[in-house]
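Here is a structure to read through questions. Each answer sets a value beside the rule that gives it a name.

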Amino acid sequence: MSIYSFPVLKMTGIIQFIRDSKLSISEEDIKNCDPAAVRRFFEAFFEVILDISKDDLTQPALSGLSALQHPNLHESSVPELAFFRTSKKLLEACGVDDFTWRDIQKPTLKRLRYLLSAIINFSKFKEERKVHFDQYLKTTVPSPSHVLRSLTYLDTLQDNLLRTKQQVEDENVALRRQLEELQSKQAAEAPALQVVIDECAAMEVDIGVLNTRQSVLQPEVKALKAQVAQLNDDIVPITFIRMNLNDLLEAIEGDMNKVKVEKENVTQLHQTYEGIVSKAKLAVAHKARVEILLDQRRDQLEVYKQQARTKMQAAEHV
């Protein structure tokens, strides 16, 4: 995000500007987003835009190390912090207010092109304004009122600088307080950290023992794998036999289903036969009763005939 707009330059324009400025940065450094090349580019424009030389950048940081409890631990971090703050100030002057550590440590080509465009545009703008200002100084004689305004401006600037200095000192005190708190916290956590280190060492010993056991068990594992492979080979014919048996069982089940159907048919025929037999038995019994009745009727008829003959004979004698 930018405070004011500026054109994003093409890579050819950026490379040409670097060559014209005689900076020790190659085209490959820019295209590869080399962090060291980015640092060199920023450092070159600290003095051009902010009037801060590389020596001015390192001296306050190194002088402030003496105020720390263990300055040797911060010989690299304090200059890095000073470099980041100066870089952020540089980009803010160029109109970029979202500069972060990532823009230095892991820049992308798109982002780097944007930042370099901001610096180059502002540098050219400052150079143009400086030319006009120098011409103005050559052609203009300062008046007493102008001198008075300049003095007033300088007084105001001095007051602002004093306030800024006080703010920086307050910030320094706060940072020192934070540093002391961090050091106290680090000292308090040291026993727990040592416990973790000891546990890690014990775990490393256990891992070594397990690795040794693994190397010892490897031949046995290989033998077991060979046995498993042999068993798998032995299972293959058994699998085929099982498949054939399954087919045979399916065929038998089919035949059994047919037999079951035939059995049901036979049962139905048997039931029909028994019904017919029962009816036949009833018919035979009925026939027997009819024959008995016929015999009785024949006997009665013979009796009637005998009686009739007797009556006829008697009638003839009369």
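Q: In what order do the elements of the chain run from the N terminus on?
A: They run α-α-α-α-α-α-α-α. The count is eight helices and zero strands. Helices (H or I, at least four residues) and strands (E, at least two) are DSSP runs, numbered from the N terminus.

Q: What kind of model is this, and how are residues numbered?
A: The model is predicted: local features need pLDDT of at least 70, side-chain atom pairs count only at pLDDT 80 or more, and totals for chains, interfaces and linings use all residues. Residues are numbered from 1 along each chain as its sequence is written, and side-chain values use heavy atoms, with hydrogens and water left out.

Q: Why is I30 called buried?
A: Buried means under 20% relative accessible area, exposed over 50%, and partly exposed in between (1.4 Å probe, protein chains only). I30 has 4% relative accessibility, so I30 counts as buried. I30 is found in helix α2.

Q: What does I30 touch, leaving aside its neighbours within four places in sequence?
A: Contact means heavy atoms within 4.5 Å. By that rule I30 is in contact with M11, I15, I18, I25, L109, L112 and L116. Take M11: I30 and M11 are 19 residues apart in sequence and 8.9 Å apart in space, C-alpha to C-alpha.

Q: What makes a set of residues a nonpolar core?
A: The set holds buried Ala, Val, Leu, Ile, Met, Phe, Trp, Tyr and Cys residues joined through side-chain atoms within 4.5 Å. Here the largest nonpolar core has 35 residues. I30, F41, F42, I49, L90, L91 and I119 touch the most other members. Two or more residues of this core come from each of α1 (11-20), α3 (35-50), α5 (77-93) and α7 (109-139). In soluble globular proteins, nonpolar side chains tend to be buried together.

Q: Which residues does L91 touch, not counting those up to four places away in sequence?
A: L91 touches F42, V96, F99, L115 and I119.

Q: How much of the chain counts as buried?
A: Of its 318 residues, 17% count as buried. The accessible surface of the chain comes to about 24,800 Å², and 60% of that belongs to carbon and sulfur atoms. Such areas come from the Shrake-Rupley method with a 1.4 Å probe; for residues, only the protein chains shown count as cover.

Q: What makes the group around L249 a nonpolar surface patch?
A: Patches are made of residues with over 30% relative accessible area and no salt bridge: like charges are joined within 9 Å, nonpolar side chains (Val, Leu, Ile, Met, Phe, Trp, Tyr) within 5 Å. I241, L245, L248, L249, I252 and M256 make one of about 580 Å². L249 is at 46% relative accessibility, so L249 counts as partly exposed. L249 has its place in helix α8 (residues 144-317).

Q: Why do K31 and E27 count as a salt bridge?
A: A salt bridge is a side-chain nitrogen of Lys or Arg within 4 Å of a carboxyl oxygen of Asp or Glu. The side chains of K31 and E27 meet at 2.8 Å, N to O. Both residues lie in helix α2 (residues 27-31), four residues apart, about one turn of the helix. K31, at 46% relative accessibility, is partly exposed. E27 is partly exposed too, with 27%.

Q: What makes D98 and R111 a salt bridge?
A: Their side chains meet at 3.0 Å, N to O. This pair links distant parts of the chain: D98 is in the loop between α5 and α6 (102-105), R111 is in helix α7, and they are 13 residues apart. D98 has a relative accessible area of 28%, so D98 is partly exposed. R111 has 18%, so R111 is buried.

Q: How far apart are the closest N and O atoms of R298 and D295?
A: They are 2.7 Å apart, and the two residues form a salt bridge. R298 and D295 are three residues apart in helix α8, so about one helical turn separates them. R298 is partly exposed at 48% relative accessibility. D295 is partly exposed at 41%. Elsewhere, salt bridges that share partners join R19, E27 and K31 into one network.

Q: How many salt bridges and disulfides are there?
A: The whole structure has eight salt bridges. Disulfides number zero; a disulfide is a pair of cysteine sulfur atoms within 2.5 Å.
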